[in-house]
Amino acid sequence: MTRGHCILSHGFESGPDATKVTALAEVAERLGWSHERPDYTDLDARRDISSLGDVVARLARLRGLAQAAAARGPVVLAGSSLGGYIAGRISLDVPVHGLFLMAPAIAMGPLPALDAAAVPVSIIHGWDDELIPAQAVVDWAHARRADLLLVNDGHRLSDHVDASAEAFGQLLARL
């Protein structure tokens, strides 16, 4: 019997075997949560649709997976960058118990800005993120009273994989 299910969404031009989502999967398993890491690489490759691929299809893929998981029990969504954006947006459509966002994309061009359900939210973001300004994430987190860990790192958070996993574990332990 698991405590629930975690869906871990990789960032743009990354993949389901990426270092950060792999680290989160290990934490989920250790804490008694089942998990899956959807592969969005086929959608990211759709440059004919936008410079970030087919974001609408990414949202639809995660919505379907999250709805199926929510029918079985508690769900936590986690994501990095674009994966964080889709996790937040889908939390508005599917009942989730928590969100974990790593360097989340706050704005997505013509799509609605990042929003999220009123559930526990934990964020890790780099002070020196070259794609998503830290202040935008601070403002977003402040409005939601989200847990926010700011670290000396860039967008990839490559120096803070362990810190990301630890923060994710803290969120899961609270739920």
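This is a predicted model: local features need pLDDT of at least 70, side-chain atom pairs count only at pLDDT 80 or more; totals for chains, interfaces and linings use all residues.
Figure 1. Aspartate 48 pairs with arginine 46 in a salt bridge, and their closest N and O atoms are 2.7 Å apart. Arginine 46 itself is partly exposed, at 35% relative accessible area.

**Figure 2. A salt bridge between aspartate 115 and arginine 144.** Here the closest N and O atoms of aspartate 115 and arginine 144 lie 3.2 Å apart. This pair links distant parts of the chain: aspartate 115 belongs to the loop between β4 and β5, while arginine 144 belongs to helix α5 (residues 134–144), 29 residues apart. Aspartate 115 is partly exposed with a relative accessible area of 29%, and arginine 144 is partly exposed at 31%.

Figure 3. Aspartate 147 is partly exposed at 35% relative accessibility, and arginine 174 is partly exposed at 46%.

**Figure 4. The open, parallel sheet.** Follow the six strands across the sheet and you will meet them in the order β2-β1-β3-β4-β5-β6, with parallel pairing. Strands β2 (34–36) and β6 (147–151) stand at the edges with a single partner strand each, so one side of each has no neighbour in the sheet. From one strand to the next, the twist averages 15°. Within the sheet, β4 (residues 98–102) and β5 (residues 121–126) pair over four bridges. A handy landmark is methionine 102, which stands opposite isoleucine 124 in β5.

**Figure 5. Helices α1 and α4 against the strands.** Helix α1 (residues 19–30) lies across β1 (5–9), β2, β3 (75–80) and β4, and runs at about 175° to β1. Helix α4 (residues 82–91) lies across β1, β3 and β4, at about 150° to β3.

**Figure 6. Tryptophan 33 in its surroundings.** This residue sits in the loop between α1 and β2. Tryptophan 33 is buried, with a relative accessible area of 4%. Beyond its neighbours within four places in sequence, tryptophan 33 has contacts that include His5, Cys6, Ala28, Val76, Leu172 and Leu175.

**Figure 7. Helix α6 and what covers it.** Helix α6 (residues 161–174) has 14 residues, which should span 20 Å at 1.5 Å a residue; its end C-alpha atoms are 20 Å apart, in agreement. Among its buried residues are Val161, Ala165, Phe168 and Leu172. The cover over the buried residues of α6 includes β1, α1, β3, β4 and β5.

**Figure 8. Histidine 155 and serine 81.** Look for histidine 155 in the loop between β6 and α6. Histidine 155 is buried, with a relative accessible area of 10%. Its side chain makes a polar contact of 2.8 Å with the side chain of serine 81. Leaving aside neighbours within four places in sequence, histidine 155 also touches other residues, including Ala103, Asp129, Glu130, Leu131 and Ile132.

Terms used. Residues are numbered from 1 along each chain as its sequence is written. Side-chain values use heavy atoms; hydrogens and water are left out. Two strands pair if DSSP finds at least two bridges between them. Helices (H or I, at least four residues) and strands (E, at least two) are DSSP runs, numbered from the N terminus. Axes are lines fitted to C-alpha atoms, for helices over the stretch in contact, and angles run from 0 to 180 degrees between N-to-C directions. Contact means heavy atoms within 4.5 Å. Buried means under 20% relative accessible area, exposed over 50%, partly exposed in between (1.4 Å probe, protein chains only). The expected span of a helix is 1.5 Å times one less than its number of residues. A polar contact is a pair of N or O atoms within 3.5 Å; within protein, one must be able to donate a hydrogen and the other to accept it, and residues adjacent in sequence count only if both atoms are side-chain atoms. A salt bridge is a side-chain nitrogen of Lys or Arg within 4 Å of a carboxyl oxygen of Asp or Glu.
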